[in-house]
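Please look over the sequence and the structure below before reading on.

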Amino acid sequence: MKRIAVFASGNGSNFEAIVGACERGEIPAEVALVVCDKPTARVVERAANHGVACFAFDPKSYASKADFEREIVRRLDEAGVELVCLAGYMRICGEVLLGAYGGRIINIHPALLPAFKGAHAIRDAFEYGVKVYGVTIHYVDASLDGGRIIAQRAFPYEGSDLDELEAMVHATEHPLYIETIRNLLNNQK
Ligand code: GRF
């Protein structure tokens, strides 16, 4: 069984979707590790509920990004992780992590890249007034939301309710992330 890791900083609805798909056999892997840079985040509780090991750390207790990334890499190596799935991990990956796992790290972004990069993509697109929204899954490099695109899915929305739009984005993210992880793992054989 292949082993994947999910990195998150907050709610963890994408983690929940991914771990559920693994449990149901829809993704040929198990989530071997959750990495979370906010020990009080909901995703930590979700990991515990699924019996998934979780490395929750406070970045401030490390002298540098390189230091906590060395610890992350050590745990990924120890867990035998083949694919790292960022799902709401609100940090740019540094050279230690990319040096060890570059090419094996993917991210989900709640907009149609290269439009609306950054941490407030849904709101930014909404305020801009676009009529077609979407989700992107891409490889992670040292840029902000800039790595090679793997998959995208778009949907029209002309309403004026940001909460409704956010729910539509998340409902688009979850199945697309599951399908993309499954395809990547199947093609890695
Ligand atoms: C998602 O919208 C994802 O695209 C973005 O952060 C959000 C994480 O949501 N990168 P959740 O924690 O998975 O619920």
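## A loop residue and its surroundings

Asp145 has its place in the loop between β6 and β7 (149-156), where helices (H or I, at least four residues) and strands (E, at least two) are DSSP runs, numbered from the N terminus. At 12% relative accessibility Asp145 counts as buried, a word that here means under 20% relative accessible area, while exposed means over 50% and partly exposed is in between (1.4 Å probe, protein chains only). Phi of Asp145 is positive, near 55 degrees, in a residue other than glycine.

This is a predicted model, in which local features need pLDDT of at least 70 and side-chain atom pairs count only at pLDDT 80 or more, while totals for chains, interfaces and linings use all residues. Residues are numbered from 1 along each chain as its sequence is written, and side-chain values use heavy atoms, with hydrogens and water left out.

## The loop between β5 and α5

Ala119 sits in the loop between β5 and α5, and its C-alpha lies 9.7 Å from that of Asp145, although the two are 26 residues apart in sequence. Is Ala119 buried or exposed? Ala119 is exposed, because its relative accessibility is 53%.

Pro114 also belongs to the loop between β5 and α5, and the peptide bond that leads from Leu113 to Pro114 is cis, with omega near 10 degrees. Phe116 is found in the loop between β5 and α5 as well, and Phe116 has a positive phi of about 55 degrees although it is not a glycine.

## Helix α3

Helix α3 (residues 65-79) has 15 residues and reaches 21 Å from its first C-alpha to its last, close to the 21 Å expected at 1.5 Å a residue, where the expected span is 1.5 Å times one less than the number of residues. The buried residues of α3 are Phe68, Glu69, Glu71, Ile72, Val73, Leu76 and Ala79. An α-helix has 3.6 residues a turn, so residues three or four places apart point the same way.

Among the elements that cover the buried residues of α3 are β1 (2-8), β2 (29-36), β3 (54-56), β4 (83-86) and α4 (95-101). After α3 comes Gly80, whose phi is positive, near 70 degrees.

## Cores and helix α6

A nonpolar core is a set of buried Ala, Val, Leu, Ile, Met, Phe, Trp, Tyr and Cys residues joined through side-chain atoms within 4.5 Å. The largest nonpolar core has 41 residues, of which Ile4, Val31 and Ile181 touch the most other members. Helix α6 (residues 162-187) gives the most to this core, with eight residues. A second, separate core has 22 residues, including Val35, Ile72, Leu86 and Val140.

Thr172 lies in helix α6 and is buried, with a relative accessible area of 12%. Not counting residues up to four places away in sequence, Thr172 touches Val135, Arg153 and Phe155, where contact means heavy atoms within 4.5 Å.

## The largest pocket

Rolling a probe the size of a water molecule over the atoms shows where empty space is left. On a 1 Å grid over the protein atoms alone, a pocket is an open set of points where a 1.4 Å probe fits, with protein on both sides within 12 Å along at least five of seven lines, and lining residues have an atom within 4 Å of a point. Of the 37 residues that line the largest pocket, Gly88, Tyr89, Met90, Ile108 and Pro110 are the closest to its centre.
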